[in-house]
Amino acid sequence: AENGYDLWLRYHPVKNPSKLKTYRAAASELIFPASSETLRAAKFELTQGLRGLLGMSIPEKQTISKPGAILVGTPVTLGLLKGLISSEKLRSVGREGYIIQTLNHNQKRVTVITANTDIGVLYGVFSYLKLLQMEETVANLSIEDKPSISHRLLNHWDNLDRTVERGYAGFSLWDWHRLPDYIDPRYKDYARANASVGINGTVLTNVNANALILSKEYLAKVAALANVFRPYGIKVYLTARFSAPIELGKLKTADPLDTNVKAWWKAKADEIYSLVPDFGGFLVKANSEGQPGPQNYGRNHADGANMLAEAVQPHGGIVMWRAFVYDNKVPDDRAKQAYNEFKPLDGQFKSNVMIQVKNGAIDFQPREPFHPLFGAMPKTPLAMEFQMTQEYLGFATHLAYLAPMFEETLKSDTYAQGAGSTVAKVIDGTLESHILTGMAGVSNIGNDINWTGHPFAQANWYAFGRLSWNPEASSVKIAGDWLKLTFSKDAGFVEDARSIMMLSREAIVNYMTPLGLHHLMGWSHHYGPGPWIKDKERADWTSVYYHKADSFGIGFNRTSSGSNALSQYAPEVKAKFENINTCPEEYLLWFHHVSWDHKMKSGRTLWEELCYKYNKGVDDVKVMQSTWNLQKGKIDKERFEQVKSLLAIQFKEAQWWRDACVLYFQQFSKRPVPAGYPKPA
Ligand code: GCW
């Protein structure tokens, strides 16, 4: 039965007979000496893949004996490659890139998969298999590829008791209780899936950190996981609880300038590296949402980050210090706080520190304008933090393809160095000449049989990997690839299912938070509508704080007559958003408090437009449902039915959102819904 476990690595038999024939001819023998763990993993993948796809096992040879040989290795591991691929060409793909090249060798047509490193070879193998899986032509290959971002990491918000903060796909994969002695075979499949999309690091633990992970007992478990992931080029990272020197080390303070505290972290880092020699480093959430941090001791984020950076620096480790900070005791617009705290510290961080910034300034909303820190700290490498788990987008129940949202942020122009200074160029290091670069995705993975709960949520994991490898990649293209790999190559199916995916995120924006509204979700759990939430001890967690609906209108005034959060952007960006006539309507209520009677581009008033958008979201889900229903018989019954049932829930809940929000806001607008508007469901 199809349960989705194999993700996009299904290796099902190639059905097209003529394709199968040419593929077999192009895979007549394999020359692949594999002496390292990584090369063995690559060889395992290739032979398994070919067995599944082509229904044959490929004979192994030492030298080329006939046309159709596949040669795999680095110049070091495969002497035969000498002279076949120029060293300039190899040099240009760098440490993690690869080359796939068809060429003639002594009148024999051969395929070469090569790289400078073993891990590059593994990436090349996955890329070659993908071509076959998608049934593309392999007769004349000339592929050179390399990642644009050095650190491509999953962030697991996994707790040591296996609950997952904001996780909707079961419990944590990490079976801490039985580690280090029992190695769940699933760890390897997790590593394969990640490596296949170029992910090269994983932060195992929640940013709301438990110091226990740094204890001797747990570090042995971490080391066991690292051993499984290492052949796949995946480094392990941990979250560091800032108060660990007190909790674990029994020190009196965690002050980052205290000598004993520094010594404790140094010794802890040494201990970690003795067990995990390629440990990646620490991810830290400090002085945010009640987490301890340097500010508890009158120090700043740079003091904290640099202290940890010094501890891991001798071992080649890095620190990713999160910029997600806000505080209800700071009586200002929450959207401004990260910039206010971090911008003045630009230039003060050690060279092995990255500041990890969420895509927007509030919190993973269905739509946010790009975070004003991007482009504002040219002396500091900024890593992107996206969220794959759908905390604010219907959990793993609603179908939400997030790559268009990631793409929207990456393509946003910060104007930091004039037009064309996109967020993608900030984070890939090209704009400000940084070598240390990063993209992190908050994982949506759990121990559900299909890993992510919703079958389509797998696409967000997949797309994150692809975008972290190439932040200029296109979300439409990625969707098509994923569908072919995951479901079927049937052209009609791919087109229809892709249209569902490409519609899904905007549908959610419309039925939840259209026109720049944000944070209207239910208190604390963030599922379902809660625009009425107010009178709580934390104003910045209430909905009324964000929508500010009153008899005049609705929206958060962040212009110079309001919180002036817009002053944190470059002048060009600020000017565009500040002017109500040039502010894109999808951000209107993010930046402006707008009269109910304001004329929108459609000719409708704001109130009518709001009603229209809420209902449009519902209609879009209806379109998603009817398009999906046409796919019956084109894919397996199991996943067809599962998606169908989930879409039915989504439709019901889209109506719930529309009805709740329109009725709630109507108390302020005191205007009728447009003629013919659907009655509450
Ligand atoms: O949005 C908030 C989430 C918290 C999360 C926090 C963060 C891990 O509701 O659950 O904590 O973001 O990103 O630190």
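**The whole chain**

In the protein chain, 72% of the contacts with a separation of 6 or more join residues 24 or more positions apart. Keep in mind as you look around that this is a predicted model.

Start with the protein chain in cartoon view, where 20 helices and 15 strands are there to be found. Turn the view along the principal axes, and the C-alpha atoms fill a box of roughly 80 × 65 × 50 Å. A compact globule of 681 residues would have a radius of gyration near 26 Å, and because the protein chain has 26 Å, the two agree. Of those 681 residues, 52% count as buried.

**Domain by domain**

Next, colour three selections: domain 1 (17-145), domain 2 (151-476) and domain 3 (509-556 + 593-669). Domain 2 and domain 3 have C-alpha centres 30 Å apart. Their contact takes 18 residues from domain 2 and 19 residues from domain 3. On the side of domain 2 that touches domain 3, you will find eight nonpolar, six polar and four charged residues.

Now select residues 7-128, which UniProt lists, in an unreviewed entry, as "domain: Alpha glucuronidase N-terminal". This span is 36% helix and 19% strand, and its end C-alpha atoms lie 17 Å apart.

**The ligand**

Which residues are around the ligand? Show side chains for W157, E165, R166, V207, N208, K285, E289, F324 and D363. By class, this shell has five charged residues, three nonpolar and one polar.

Conventions:
Residues numbered from 1 in each chain as written. Predicted model: local features only at pLDDT ≥ 70, side-chain atom pairs only at ≥ 80, totals over all residues. Near = placed C-beta within 6 Å. Nonpolar A, V, L, I, M, F, W, Y, C, P; charged D, E, K, R; others polar. Helix = DSSP H or I, 4+ residues; strand = E, 2+ residues; numbered from the N terminus. Rg over C-alpha atoms; globule rule 2.2 N^0.38 Å. Buried ≥ 20, exposed ≤ 12 C-beta atoms within 10 Å, placed from the backbone. Contact = placed C-beta atoms within 7 Å. UniProt positions renumbered as here; feature names shortened; annotations may be inferred. Domains from an automatic or database assignment.
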